[in-house]
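Subject: The structure, and what turned up in it

Hi,

Here is the structure I promised to send over. Have a look at it first, and then read on for my notes.

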Amino acid sequence: MATGRIVVYGGRGALGAACVNHFKSFNYWVANIDLNPNEKADFNITVPKDASWVEQEDHVVNELGNALQGQKVNAIICVAGGWAGGNAAKDLSKQADLMWRQSVWSSSIAATLAAKYLNTGGLLALTGAKAALEATPGMIGYGMAKAAVHQLTKSLGAKDSGLPENSLAVAIMPVTLDTEMNRKWMPKADFSTWTPLTFVAELFEKWMKDEGRPANGSLVALVTKNNVTDLIIE
């Protein structure tokens, strides 16, 4: 018998895979939604990359509904996303479109899933970015998309958002996550200021269990110094 049911949107990325591994280790049934399957998940929904926003939503909603067979989930965790640099002088629309697809489409579809399949009192966690609270001239498309996720989170945490009763909508705002690729591209960085993936996965589980939950609609920055991560609520 599974401990509970978790949906990870973006479960093939570094943070998503860490979340899948964490919840599987505690005997949760875990569904992964991504462009590619995660073999460690119990169920995979492969997102059709070239489909429209609405088509992607229809596909994901139907696939998860078929898998759940009327059951509800304890948490929907959206850690899908990506990064692209660039300012207004070159490829702004191209970069912004990519960031919108990766961060905003996935977050919006996750919200729809939460409205349909999340338990009363469940967790919907999205992924913003602390940098997007300020100007991001060197990565305008990224900043635009993450700011949209912040707005979505605040709206989902407000009355009449369509989410189940007593559920928590929250967005984490990482600074730098301690991933293999980040270490590869920034080998001389101070790793003691990077947030461990296990910390984030454990945080999601605590919030899911109603332990130390922030207010509904909160944006929670993850600020790590000397290998200690503090939560700063915006």
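M144 counts as partly exposed, because its relative accessibility is 42%, a value that falls between the 20% and 50% cut-offs. Please keep in mind that this is a predicted model. M144 is found in helix 4, which spans residues 140–156. Leaving aside neighbours within four places in sequence, M144 is in contact with A96 and W100.

Not counting residues up to four places away in sequence, I140 touches G86, N87, A88 and L92. I140 and M99 are 41 residues apart in sequence, while their C-alpha atoms are 9.8 Å apart in space.

What about helix 3? This helix covers residues 92–117, and S107 has its place there. Is S107 buried or exposed? S107 is buried, because its relative accessible area is 2%, and the cut-off for buried is under 20%. Setting aside neighbours within four places in sequence, S107 is in contact with C78, L126, V149 and L152.

Now to the strands, starting with strand 2 (29–34). Strand 2 is mostly covered, with six of its six residues buried. W29, A31 and I33 point one way from the strand, V30, N32 and D34 point the other way, and all are buried. The chain gets from strand 1 to strand 2 by way of helix 1, and this β-α-β crossover is right-handed. Strand 1 (residues 5–9) pairs with strand 2 in the parallel sense, over five bridges. Within that pairing, R5 stands opposite W29. Strand 2 also runs parallel to strand 3 (residues 43–46), and four bridges join the two. Here N32 stands opposite N44 in strand 3.

Why is strand 6 described as largely enclosed by the rest of the structure? The reason is that seven of its seven residues are buried. L168, V170, I172 and P174 point one way, A169, A171 and M173 point the other, and all are buried. Strand 6 pairs in the parallel sense with strand 5 (residues 118–127) over five bridges, and L168 is the bridge partner of L123. Strand 6 also pairs in the parallel sense with strand 7, over four bridges. In that pairing, M173 has A221 in strand 7 as its bridge partner.

Two loop residues are worth a look as well. D160 is exposed, because its relative accessible area is 75%, and the cut-off for exposed is over 50%. D210 is found in the loop between helix 6 (197–208) and strand 7 (219–225). Phi of D210 is near 65°, again a positive value in a residue other than glycine. D210 is exposed, with a relative accessible area of 56%.

The largest pocket holds about 1,400 Å³ of space. Of the 42 residues lining it, the closest to its centre are A80, G81, G82, W83 and Q102. Which elements supply at least two residues each of the lining? They are helix 1 (14–25), strand 2, helix 3, helix 4 and helix 5 (180–185). Helix 3 gives the most, with five residues. By class, the lining has 20 nonpolar, 14 polar and eight charged residues.

Happy to go through any of this with you.

Best wishes

Note on methods. Residues are numbered from 1 along each chain as its sequence is written. This is a predicted model: local features need pLDDT of at least 70, side-chain atom pairs count only at pLDDT 80 or more; totals for chains, interfaces and linings use all residues. Side-chain values use heavy atoms; hydrogens and water are left out. On a 1 Å grid over the protein atoms alone, a cavity is a set of points where a 1.4 Å probe fits but cannot get out, and a pocket is an open set with protein on both sides within 12 Å along at least five of seven lines; lining residues have an atom within 4 Å of a point. Grid points are joined across faces, edges and corners, and a volume is the space filled by probe spheres set on the points. Ala, Val, Leu, Ile, Met, Phe, Trp, Tyr, Cys and Pro count as nonpolar, Asp, Glu, Lys and Arg as charged, and the others, Gly among them, as polar. Buried means under 20% relative accessible area, exposed over 50%, partly exposed in between (1.4 Å probe, protein chains only). Two strands pair if DSSP finds at least two bridges between them. A crossover is right-handed if, with the strands pointing away from the viewer, the path from the first strand over the helix to the second runs clockwise. Contact means heavy atoms within 4.5 Å.
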